[in-house]
Amino acid sequence: MNNNLTKIVTLIPSATEIVAFLGQKNSIVGRSHECDYPNDLNNVIKLTSPKINVEGTSSEINKQINTILENSLSVYKVNIEKLKELDPDFIITQAHCDVCAVNFSEVKSIVNKYLDRQTKIISLEPNTLNDVFNDIKRVAKDLDIENETNNKLINNLKTRIEKIKNLAATKKQKPLVACIEWIDPLMIAGNWIPEMVEIAGGTNILGKSGDNSHWIKFEEIIDQNPEIIIFIPCGFNIKRTKEELSNYIKKNNGLRSLKAYKNHKFFVADGNQFFNRPGPRLVESLEIFAEIMHPDIFNFKHKGRGWINYND
């Protein structure tokens, strides 16, 4: 296959990041409205748009999404005319979450109805860190770009993870950590996040590795009384998350009684750029966890950019 002629459409940010990581960024001819990294994609056509007001509060967004899903509708619109014009060789999407991106069945239907049936769909569905690496390898294989260079890139990510794991293992204290993926209502992070907490030297609570993120009751956080709480809402940057959290604390004063709050161990991280994008930058997300949990032995200089202490 002549890679210079390959046309790729990425309908989820992690797919865009994986393709760029594998050296094929210039082959991306269309992307989702959320694909913003690498940050020089302005000339690449946006093919999707949300059907909800994404500027609302987490509570308002949740209500809008529930209404759409209850009616068996997609949360996103696809610009089919532009997609037909692009006539891509590959569309990379996901089958993991109907809220994260255009769902797989809709993409399949669009391809069958409007595109050349030679268009290949690559669907990502990671639940663990290993799944993420397998997805990267699979994308390389399907794009016919498996080579020594890309294998080295993938192995380098694994090496960085192993170094963090080994150094974190030297710490006897493994703080109890809760990772919040949505603030109102509360959702505890699952999938690859619990595994990453453990690698970074923490003891993950409430979420289970490999299982989907799930809603929890406010009382469960109070009962567990974690030593560290890290807020990583999907799609929210640091500033927006801090504002949401401030409002939530005002409405739920019980949070102030938590050990983590009293000890200034409430942390806000960029859940939009990190953590919720199962691609190469999960390693940077792991570095953020390590810095937060064991600042005496880890400093990757992500503080201020990737995370902040809520109390600072």
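Which residues in α6 meet which residues in α11? Some notes on that and a few other spots.

1. First, the ground rules. This is a predicted model, where local features need pLDDT of at least 70, side-chain atom pairs count only at pLDDT 80 or more, and totals for chains, interfaces and linings use all residues. Residues are numbered from 1 along each chain as its sequence is written, and side-chain values use heavy atoms, with hydrogens and water left out.

2. Now the helix pair. Leu157, Arg160, Ile161 and Ile164 on the α6 side meet Val283, Glu284, Leu286, Glu287 and Ala290 on the α11 side (contact means heavy atoms within 4.5 Å). Sorted by type, the residues of this contact come out as 6 nonpolar, no polar and 3 charged; here Ala, Val, Leu, Ile, Met, Phe, Trp, Tyr, Cys and Pro count as nonpolar, Asp, Glu, Lys and Arg as charged, and the others, Gly among them, as polar.

3. As for geometry, α6 (residues 148-168) and α11 (residues 282-293) pack at about 10°, with axes 10 Å apart. That makes α6 roughly parallel to α11 (angles under 35 degrees count as roughly parallel). Axes are lines fitted to C-alpha atoms, for helices over the stretch in contact, and angles run from 0 to 180 degrees between N-to-C directions. Helices (H or I, at least four residues) and strands (E, at least two) are DSSP runs, numbered from the N terminus.

4. On to the sheet: 5 strands, open, parallel pairing, in the order β3-β2-β1-β6-β7 (two strands pair if DSSP finds at least two bridges between them). The edges are β3 (45-46) and β7 (120-124), each pairing on one side only. Strand β6 (residues 90-94) pairs with β7 over 5 bridges, and Phe90 stands opposite Lys120 in β7.

5. Two helices to look at against that sheet. Helix α1 (residues 13-21) lies across β1, β2, β6 and β7, at about 140° to β1. Helix α5 (residues 129-142) lies across β6 and β7, at about 170° to β7.

6. The whole structure has 12 salt bridges (a side-chain nitrogen of Lys or Arg within 4 Å of a carboxyl oxygen of Asp or Glu). One to click on is Arg277 with Glu17, closest N and O atoms 2.8 Å apart. Arg277 is in the loop between β13 and α11 and Glu17 is in helix α1, so this pair links distant parts of the chain, 260 residues apart.

7. Asp87, in the loop between α3 and β6, has a positive phi near 45°.

Key: Angles under 35 degrees count as roughly parallel, over 145 as roughly antiparallel, 65 to 115 as roughly perpendicular and the rest as oblique.
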